[in-house]
Amino acid sequence: MAEGLSVKPARAITWSEVASREAALVQRCAAGDDDACGELVSEHQRMVHQLALHLLGDYNEALDLSQEVFLRVFRTIHRFRGQSALRTWIYRIVVNQARNRMRWWRRRYRAQQVSLDEHIRNHGDLPAPGNPAAPDRLFGQKQLAARIWKALDGLPFDQKSAIVLREIDGLSYDEIAFSLGIAVGTVKSRLARAREALRAQLRDV
Amino acid sequence: MTPLSCASVRRRLTAYHDRELSIEQLIAIEAHLDGCPPCATEAAGLETLGESLRLAAATLQPGTDMLAGLQPGIISRMKAENAQSWRAQFGRMFEDMHLVWIGLGSAMATIICSALALACLHFASPERDDSLAGIIATMVSSRANLVRQVPADTYDDVVGNALVRSMSEEEAVLALAAVVTRDGRLIDPRWVENDRDRQQILDLMSAIETSRFDTTRAGGASVNMVWLFAHTTVRGKIVG
């Protein structure tokens with residue numbers, strides 16, 4: 001690379017690098033041990049639900065998707081060979097399920113979609129926060145968060161999932177590449193485009 | 001260490017922000033940012049964007065009670081799916097033998113019914129002589145099968161005898177033996193073993209002799225084969 005700079009190359013992750021406890025947990029789940037399945041859910045449910053929430057933007061949808069994700073995990077866990085960390089493998093399932101659900105949702109409810117601005121015009125603004133302690137500050141934060149989520153929702157799903165996995169979940173390029181099933185170079189370009197689009201929309205923040 | 005240009009730093013700013021560079025590269029870029037306010041502003045913009053996203057994510061933190069029902073729900077749904085799976089249902093079929101006996105009884109009933117039906121067919125009344133099956137059977141079993149090769153010198157006897165033998169009393173009017181030429185003419189028609197209405201038969205034979213069959217053509221060439229219909233009743237009418 002020019003001037004001696006290079007990006008870290010992707011490396012293979014083997015069973016030996018996966019924690020032995022995690023490997024044992026996976027094997028017990030594959031054998032149909034209910035306690036192990038419960039343990040796996042407890043360890044990863046918050047992570048799965050948060051990623052689903054960030055990708056879908058709805059609590060109940062995210063909860064429903066989380067359940068589907070774990071069922072999918074247990075149906076296919078016998079195929080998990082430690083080609084990545086268990087967490088990354090689950091991330092991959094979350095992203096795929098979320099993508100499928102959004103496609104389905106768009107097909108089914110495309111005609112019924114209403115923009116947020118139109119909803120506010122028809123039904124009034126969102127209710128102000130009920131915390132009297134710091135109303136201005138809290139309200140400002142909520143407004144900012146709402147703007148950010150609106151900007152995120154405006155991104156294509158591929159860019160949105162890449163930026164969420166990087167900035168919010170803190171995954172490395174290799175992990176994002178595995179989770180999305182794409183090359184590291186594609187991860188970089190999607191991140192660059194997502195950041196450019198977000199900065200253009202949130203310039204005054 | 002070689003100082004980096006602004007263009008070079010900008011190209012790697014996202015990788016720097018994501019900490020996806022080696023230590024040497026990180027140090028080189030940090031050194032450049034210390035002395036380059038425009039690049040530092042660009043890097044700060046990326047940092048602000050990341051913090052904003054994390055801040056927005058923090059506002060969506062679900063309550064602990066929201067996830068409380070997730071684990072038992074998943075486990076119970078897994079159990080329900082396993083209980084309704086094809087493998088489980090197949091296994092349950094053999095928990096007791098009632099379905100097996102039903103299956104075996106059905107199979108036996110089918111076999112018995114089939115055997116009875118075949119026996120009925122076997123012992124049914126034999127076919128009539130004047131039915132199509134009977135005629136075909138007669139032709140096959142007799143020497144009247146005109147499809148086979150017949151020596152020319154025995155032609156008259158073979159055809160004549162076979163036709164007369166295969167005809168019933170009511171339907172037989174006459175039996176003819178003739179030769180069909182290549183151009184479709186009947187030559188040398190002869191009446192075989194029938195002495196009724198001799199003059200009418202001779203007149204009919206004369207009419208047949210002057211008639212002409214259409215020759216078969218295949219691919220533009222004349223075919224030297226004429227299909228002869230045997231055991232066919234011709235009811236002729238002689239005018240005058």
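Author: Helices (H or I, at least four residues) and strands (E, at least two) are taken here as DSSP runs, numbered from the N terminus. By that rule Glu167(A) is found in helix α7 of chain A. This is a predicted model, in which local features need pLDDT of at least 70, side-chain atom pairs count only at pLDDT 80 or more, and totals for chains, interfaces and linings use all residues. Residues are numbered from 1 along each chain as its sequence is written, chains are lettered from A and ligands numbered from 1 in the order in which they are written, and side-chain values use heavy atoms, with hydrogens and water left out.

A salt bridge, defined as a side-chain nitrogen of Lys or Arg within 4 Å of a carboxyl oxygen of Asp or Glu, joins Glu167(A) to Arg54(B), with 3.0 Å between the closest N and O atoms. Two polar contacts also involve the side chain of Glu167(A): one of 2.7 Å to the side chain of Arg195(A), and one of 2.9 Å to that of His17(B). A polar contact is a pair of N or O atoms within 3.5 Å; within protein, one must be able to donate a hydrogen and the other to accept it, and residues adjacent in sequence count only if both atoms are side-chain atoms. Leaving aside residues up to four places away in sequence, Glu167(A) touches Arg195(A), His17(B), Asp18(B), Gly50(B), Leu53(B) and Arg54(B), where contact means heavy atoms within 4.5 Å.

The wider interface can now be described. The contact draws 46 residues from chain A and 39 residues from chain B. The two chains bury about 4200 Å² between them, 62% of it on carbon and sulfur atoms; buried area is the accessible area (1.4 Å probe) that two parts lose on being put together, summed over both. Between chain A and chain B there are seven salt bridges and 13 residue pairs in polar contact, both residues being at pLDDT 80 or more. On the side of chain A that touches chain B, two or more residues each come from α2 (34-56), α3 (59-76), α6 (135-153), α7 (157-168) and α9 (184-201) of chain A. The largest share, twelve residues, is that of α2(A).

Helix α2 of chain A also takes part in a link within its own chain. Glu43(A) and Arg21(A) meet through their side chains in a salt bridge (2.6 Å, N to O). Glu43(A) lies in helix α2 of chain A and Arg21(A) in helix α1 (residues 20-30) of chain A, so this pair ties together parts that are 22 residues apart in sequence. Both count as partly exposed, Glu43(A) at 39% relative accessibility and Arg21(A) at 45%. Arg28(A) forms a further salt bridge with Asp33(A), the closest N and O atoms being 3.3 Å apart. A network of salt bridges links Arg21(A), Arg28(A), Asp33(A), Glu39(A) and Glu43(A). Over all chains, a search of the whole structure finds 19 salt bridges.

Key. Buried < 20%, exposed > 50% of the residue type's maximum accessible area, 1.4 Å probe, protein only.
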